[in-house]
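This report considers a helix, a surface patch and a set of charged pairs in turn. Please consult the sequence and the structure shown here alongside the text.

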Amino acid sequence: MKAKGAGENAYSVTRQAANRKMAFPGCMLIEVSKFNNSHEENAMQQFTARFKNIIQGVVSGFDRLLFRGSLRQLNHPHGMEVFLFLNGILFKDYEKYVKGVSQRLKQASVAPVLGQKLPVEYLRRGDMDKDLRARQIAAERGITSGDVCVLSATELAPTFEHQGTHMVIRKRPSLALYHYLIDPEFGWMFARIQTWFPFAIEVYVNGREWLARQMDQEKLSYIRQDNCFPWIEDYGRAQELLDEQLKVNWEARLSPFARRLNPLHQEIFAKFNTDYYWTVAQCEWATDIVFKPGALERLTPRFLEHGMLSFSSPDVMQFLGKKIRLDGRIPEGFDGELTTDFKRRRTGERIKHRLNGNSLKCYGKAHTRVGDLFRVETTTNRVEEFRAYRPKEGGPEEDLQWRQMRRGVADLHRRTEISQKANERYLDALSTVDDSTRLSELIRKLEKPCQCGKQRMRALHPFAAEDHALLKAVNRGEFALNGLRNRDLQALLFQPDTTLSPVEKRRRSAKISRQLRLLRAHGLIQKVPRTHRYQVTTRGRLIITAILTADRASIAQMSRIAA
């Protein structure tokens, strides 16, 4: 779908207590608690109410966070010209100067890692998975905390170049250093620095990795798979810990990483006062719904099908907070791009909706013996699409208005509000999915061999002539009350013959006995205690009735249902 220029305990999600509302004004923060009869329902409560008997818990919070630190005074050529002037460096000597600075920066940056006798590796292949390589090093050396390694690579990045009488910005190959570490607070992470001016920095943090550290400190039990938790001892407390991540002073928390990456910062900029301005390049906000084990085997395909076939372009726009016309159509002035795609991955299937650089996706994240996890995730990369209630930058603090959202960490809290609302709207829409049992689900297990004690029984083939006749016979109304016997099925499945030999009678009886044993193995019939009679089970009645009904349906009838 593409639109261009057009556009056994049940749980629920409740609002936080009043004191937490005051701490996060206007933000929908969620926690998991027992279902209540409150009349105040938000979108996610509609979803959890629909599936309350199979939901074990819900949590929402950061997934992937990529911070970017930049020296704003060096974001333009004039700033570099001023820097060179203040340091008495001629434009023509820039290349020589920057090479020397870059070499000293690299040596100072990796010195603490080399001092611990940890690897510093240069990756010649640009497509090599740095995270995988760093994890291999950590596993080989048994590193569980602190520095892991430094990986370097030559990457194309914007830097400065002398051209005529001015400095200009050009993209050119420059060395980047990736410091991998296991932080006491954030857990597994990396920090990257470009070793040529303007020394751009990136810091990667994963919210779920961070949550694992928080739960370890709280001694809160959990089971983890990759970066999700299919079982948590206390979902309410886990949500509180995720909420605490919103209270971090990011500028104060990220600055030490900048000083560590470039120990020469104060020396280099002694005559040109500048410091890092922190923005959020990527923000993934995930809502995880944990279902009882096995529930998503049938629900995930339905959720994905519902998302692909039922959500229109205006629906996706509304999920991501965009306004549409009163008649439900896309505004005529919309000139962006909206796409929806379906992808099969090694870990499963997912659908993803993209709108002007931002996205919303859903997928089954984990299938374990303790729980199944379904994730809805909003990624905000292009925040110019949204608005924040804030003062004008550099203006009086009391001048609050709805203005264009900034990439800076100051607007990160508002960014999470928008992402949470998008997840809630999406789950609200998914709550209307048709999850009634389908014929294919009923017969799928029948068509596989099963075990009856130590004996392996063959698969049933409901629409094959012999097995179909057997199912039709055991489902007859006269057997509903008193059950059926071997002789009853013989009368229905064999032609009447008064001249049968004893051998043929035994052969027929043995065949019916095998068929009854087959039906019992598949759970379609059960033996009436202390008798030779059998009755169709409740599940068996449902399955057989569905099969016989489908067999009787005409093409015209099925076409009307499909329409």
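## Helix α7

Helix α7 (residues 235-244) is largely enclosed by the rest of the structure, because seven of its 10 residues are buried. The model is a predicted one. The buried positions of α7 are Tyr235, Gly236, Ala238, Gln239, Leu241, Leu242 and Asp243.

The N-terminal end of α7 is capped by Asp234, which places a side-chain oxygen 3.1 Å from the backbone nitrogen of Gly236.

## Nonpolar surface patch

Together, Tyr389, Leu400 and Trp402 make up a nonpolar patch on the surface, with about 330 Å² of accessible area. Trp402 belongs to strand β18 (residues 400-404). With a relative accessible area of 45%, Trp402 is partly exposed.

## Salt bridges

The structure contains 39 salt bridges. One of them joins the side chains of Asp341 and Arg354 (2.2 Å, N to O). This pair links distant parts of the chain, 13 residues apart: Asp341 lies in strand β13 (residues 337-345) and Arg354 in strand β14 (residues 348-355). Arg354 is partly exposed, at 31% relative accessible area.

A salt bridge also connects Arg344 and Glu349, whose closest N and O atoms are 2.8 Å apart. Arg344 is exposed at 64% relative accessibility, whereas Glu349 is partly exposed at 26%.

## A network of charged residues

Asp63, Arg208, Asp288, Lys361, Arg375 and Glu377 are connected in a network of salt bridges. Within this group, the side chains of Arg375 and Glu377 meet at 4.0 Å, N to O. Arg375 is buried, with 0% relative accessibility, and Glu377 is buried at 1%.

Notes:
Residues numbered from 1 in each chain as written. Predicted model: local features only at pLDDT ≥ 70, side-chain atom pairs only at ≥ 80, totals over all residues. Heavy atoms only, no water. Buried < 20%, exposed > 50% of the residue type's maximum accessible area, 1.4 Å probe, protein only. Helix = DSSP H or I, 4+ residues; strand = E, 2+ residues; numbered from the N terminus. Polar contact = N/O pair within 3.5 Å; in protein donor to acceptor, adjacent residues only side chain to side chain. Patch = residues over 30% accessible without salt bridge, like charges linked within 9 Å, V, L, I, M, F, W, Y side chains within 5 Å. Areas by Shrake-Rupley, 256 points an atom, 1.4 Å probe, with all protein chains shown as cover.
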